[in-house]
Amino acid sequence: MKISSRRNFIKVAAKLGFWGLAAGPALIVKGCKTLDEMSESGTTIGIGGFNINTASIAKSAKAVSKSFEDITPEQEYYIGRTVGALVLEKYKPYENRMANLYINVLGKTLAQASEMPETYGGYHFLIQDSDEINAFAAPGGLIFVTRGILRCCQHEDAVASVLAHEIGHVQYKHGLQAINKSRVTTAVTTLAIEGAKTFGGDDLATLTRTFEGSISDISSTLIVNGYSRSFEYQADLASVTILKRVGYNPNGLVDMLNIMNIRLQPGGSDFVKTHPAPSSRIAEIQKNLVYSKVEPPSVRQARFKRALGRV
Amino acid sequence: MVTLLAVFCSLTAFAFEQKLMSVQVKHGTVRSTPSFLGKVITRLNYGDQVVVKAQKDSWSQIDMPGVYAMGWMHTSALSSKRIVLKPGASDAEQAASSDELTLAGRGFNQQVEDDFKSKNPEIDFTWVDRMEKIAVTQDQIQNFIMEGALSPKGGSQ
């Protein structure tokens, strides 16, 4: 990663409130009550400079609680685009047309065998120019892998395992689950009051602050803190399932993790910080998978070498 | 005879409970068979409504109002919620109190992204836009599967 881009990333991260260094964007809804709870007691919320008692919203009908599952695919798409832009602040793209095309054809093939082949904007893949061992999935299907993690792959089955793991995060909506629940409530409450017209002035500002907060929640999880171990194991399991469905040897994932285990440097800001140790992931995978040597056919190995041999 | 036929028709119609669903992706693809290998019959837009006639694995057989053909869509492209493309005040109220309605273009949308960009001009979206334009055709995927001696089975394939 270039120094200038790292500096910019730090600036952006601080502005958006990563690492808890800066206070997150101000939340408009007081406390973490769901809309349901607020409606019952008639909590007052401030939107667009006006104080509105939520009891009035619930007058005609009972309001329902909203969670990350209520974020529409369209909204997920816009969240994903900005998270993607943030991920690209950390590492710049690797501008190799052939390698990126290969990753996209392989990735799309895998996505079609996932539980969620269709997303609002579709799946798209990009290689990032860094020696660090890293990969990210932005909500909605924008997936990023570094040259460093691709160098942990000695065959196509291993590359497929990396992409399928990220597709797993997308299909389970792990990114959206990192959003602070009260922010989801804020977005939905703003919708309830202002849904009828185009957002203007203060209402747009409220929504944009909530948007910034949501992006910060997801990006700090993806880039800085990592998901829970259980989410990572779940994504590994999804990877194994997808690999089997397409006809790859799922032990491609084990081979990749073994190389990653040797190459990860202590103290780094990549997978060494955000993911469980490769040995723990292998142990978890092998509870349900017997190892068999990965022996890809020569044509498959040849195209892998052609596309990623010099990455 | 006519009565018997009517009873028979109503019985077959109720063998699967038909459902009204909405396309929840930007570009929905309708295929001739329940597989990504199926020939593409037509494309539908976000918010278009379809009647689901039957289900096979992760695929839904759909009837498109106004189109005299049946087709198949992957179920992940469909939502059981009605998507209101141009929501009015009553839709907004209903959406807050119901789980059956989605308002298109509301919440985090292009307007919010533009506002975010104006407040954070240092964040560059150039490559996000570029990667979204990378298109892979079904033919490319099929060739990739064949040339790589892969053997898709089960799942959504």
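What percentage of the 157 residues in chain B is buried? I looked this up before anything else in the predicted model: the buried residues come to 43%.

**Chain B, overall**

I read off five helices and nine strands for chain B. Starting at the N terminus, their order is α-β-β-β-β-β-β-β-β-α-β-α-α-α. I then took the contacts with a separation of 6 or more; 43% of them join residues 24 or more positions apart.

**Chain A, strands β4 and β5**

I went through β4(A), residues 135-138, side chain by side chain. A:Ala135 and A:Ala137 point one way, A:Phe136 and A:Ala138 point the other way, and all are buried. In a regular strand, side chains alternate between the two faces of the sheet. I found β4(A) paired antiparallel with β5(A), residues 142-146, over four bridges. A:Val145 of β5(A) is opposite A:Ala135. Three residues lie between the strands of this hairpin, and A:Gly140 has a positive phi near 95°.

**Chain A, helix α10**

I checked the length of α10(A), residues 229-246. Its 18 residues should span 26 Å at 1.5 Å a residue, and the end C-alpha atoms are 26 Å apart, so the two values agree. I noted its buried residues, among them A:Phe231, A:Glu232, A:Asp236 and A:Arg245. The buried residues of α10(A) pack against α4, α6, α7, α11, α12 and α13 of chain A. After α10(A) comes A:Gly247, with a positive phi near 110°.

Technical notes: Residues are numbered from 1 along each chain as its sequence is written. Chains are lettered from A and ligands numbered from 1 in the order in which they are written. This is a predicted model: local features need pLDDT of at least 70, side-chain atom pairs count only at pLDDT 80 or more; totals for chains, interfaces and linings use all residues. Side-chain values use heavy atoms; hydrogens and water are left out. Helices (H or I, at least four residues) and strands (E, at least two) are DSSP runs, numbered from the N terminus. Buried means under 20% relative accessible area, exposed over 50%, partly exposed in between (1.4 Å probe, protein chains only). Contact means heavy atoms within 4.5 Å. Two strands pair if DSSP finds at least two bridges between them. The expected span of a helix is 1.5 Å times one less than its number of residues.
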